[in-house]
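Here is a briefing on the structure shown next.

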There are 2 protein chains.
Amino acid sequence: MDRPGLVAAGQAVEAESFRIIDREMGAHAFPPEQWEVVRRVIHTTGDFDYADRIRFRPESLAAGVQALRAGASIFADTRMIQVGLSPWRLGWFGNPVVVPAAEPEAQAAAEQQATTRTAAAFRNRARELEGSVVAVGNAPTALLEVVRLAREENLRPALVVGVPVGFVNAEESKTLLWETESLPCITVLGRKGGSTVAVAVLHALLELARRHPA
Amino acid sequence: MDRPGLVAAGQAVEAESFRIIDREMGAHAFPPEQWEVVRRVIHTTGDFDYADRIRFRPESLAAGVQALRAGASIFADTRMIQVGLSPWRLGWFGNPVVVPAAEPEAQAAAEQQATTRTAAAFRNRARELEGSVVAVGNAPTALLEVVRLAREENLRPALVVGVPVGFVNAEESKTLLWETESLPCITVLGRKGGSTVAVAVLHALLELARRHPA
């Protein structure tokens, strides 16, 4: 983990980046807390296009912040999300990060259920997803499984950060997430997204949680 | 690691994605092997803009493929790159993946040298970078250090995949890389890039290495 000196240097670069993004973005309609999320996604991708594609279900951002502040687990579809999250930010509220697909039993479950490892792993951990923050950066099948669990089995995570990237089923899975009004979510419509985008959203929520304690 | 059945299912999705990208891209001037790299970057980002921004130094792609085929180490600036690389592809030629910044001694080196952990870690491992494939997805300081080592200390990696993302020094570091003609490189000019982009480039090179054995 970084020591304070280097974290401070990194934060100075981050602050300067945010000033540039604020300036180039100009006027926009995002409320301040949403803008913190959008800005960090732009920072992570170098791509202002995300400002047009990101969607927040009302109250979802607040629900995610509150859950993280209470120490909720983060269930991610990729190890990239897990290692991309900064240890010091995770340390503020002690949020565990779980990647069910990386666990040994996921392989057998996927073969048995004839689905992807990620989707089978999320299905097997469905009860634990209740009240958690779910982050999907890569696997549309995992996001579709979360949507199915919500629709058919009444699953209610605190927040779904659903941002899989790609050309086959990614867009469809995010549209379906957005149409599933019972699911609190932050998503990016269209093809763009990815594990780095999921990490950026989660970092923004952790920063918000730290700055506005309950 | 995935078993063959699930790898095959994933590859079917990948093949369909590639067909969509080929169709939407239409005519272009990339030679076939370069196009395999560009297409995989588009696949990973959902963003055709990369086709305009990617740059290949002549012979660099072939040099990277040859080095990987010979088992060269991959030196990465982030753990996200390390875990994003598929174990089965790394297994084809037994390429080790090293993240110098993640090693315990990197912290002290950074403080001593008053630079970032990543840059200090690359500097300390400079001899091992010789002949390796260097991948930078996040830290402009790391890329600038590789450029400095090449210019001042005659370092010659087999290939530098230099694609840091961001608003402060990322663009400048990639422009400098591109102008350093002694460095074999693949880069993405401008602000865009990131660890997922670096992984996509490396995956494409590993696929090329496997399909065209020496």
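**Sheet and interface briefing**

A:Phe75 stands opposite A:Val134 in β4(A). The model is predicted: local features need pLDDT of at least 70, side-chain atom pairs count only at pLDDT 80 or more, and totals for chains, interfaces and linings use all residues. Residues are numbered from 1 along each chain as its sequence is written, chains are lettered from A and ligands numbered from 1 in written order, and side-chain values use heavy atoms, with hydrogens and water left out.

**Sheet in chain A**

- Strand β2 (residues 74-76) of chain A runs parallel to strand β4 (residues 133-136) of chain A, and three bridges join them.
- Helices (H or I, at least four residues) and strands (E, at least two) are DSSP runs, numbered from the N terminus.
- The open sheet of chain A has six strands, ordered β1-β6-β5-β4-β2-β3, with mixed pairing.
- The edges are β1 (54-56) and β3 (97-98) of chain A; each has a single partner strand, so one side of each has no neighbour in the sheet.
- Two strands pair if DSSP finds at least two bridges between them.

**Sheet in chain B**

- Chain B also has an open sheet of six strands with mixed pairing, in the order β1-β6-β5-β4-β2-β3.
- At its edges stand β1 (54-56) and β3 (97-98) of chain B, each with a single partner strand, so one side of each is left without a neighbour in the sheet.
- Two bridges link strand β2 (residues 74-76) of chain B to β3(B), and the two run parallel.
- B:Ile74 stands opposite B:Val97 in β3(B).

**Interface of chains A and B**

- In contact (heavy atoms within 4.5 Å) are 37 residues of chain A and 36 residues of chain B.
- The buried area is about 2,900 Å², with 63% from carbon and sulfur atoms; buried area is the accessible area (1.4 Å probe) that two parts lose on being put together, summed over both.
- Four salt bridges are counted between chain A and chain B; each is a side-chain nitrogen of Lys or Arg within 4 Å of a carboxyl oxygen of Asp or Glu.
- A:Glu24 forms a salt bridge with B:Arg191, with the closest N and O atoms 2.6 Å apart.
- On the side of chain A that touches chain B, the elements giving two or more residues are α1 (4-25), α2 (32-45), α5 (79-84), α7 (105-113) and α12 (195-211) of chain A.
- The largest share of that side, seven residues, comes from α1(A).
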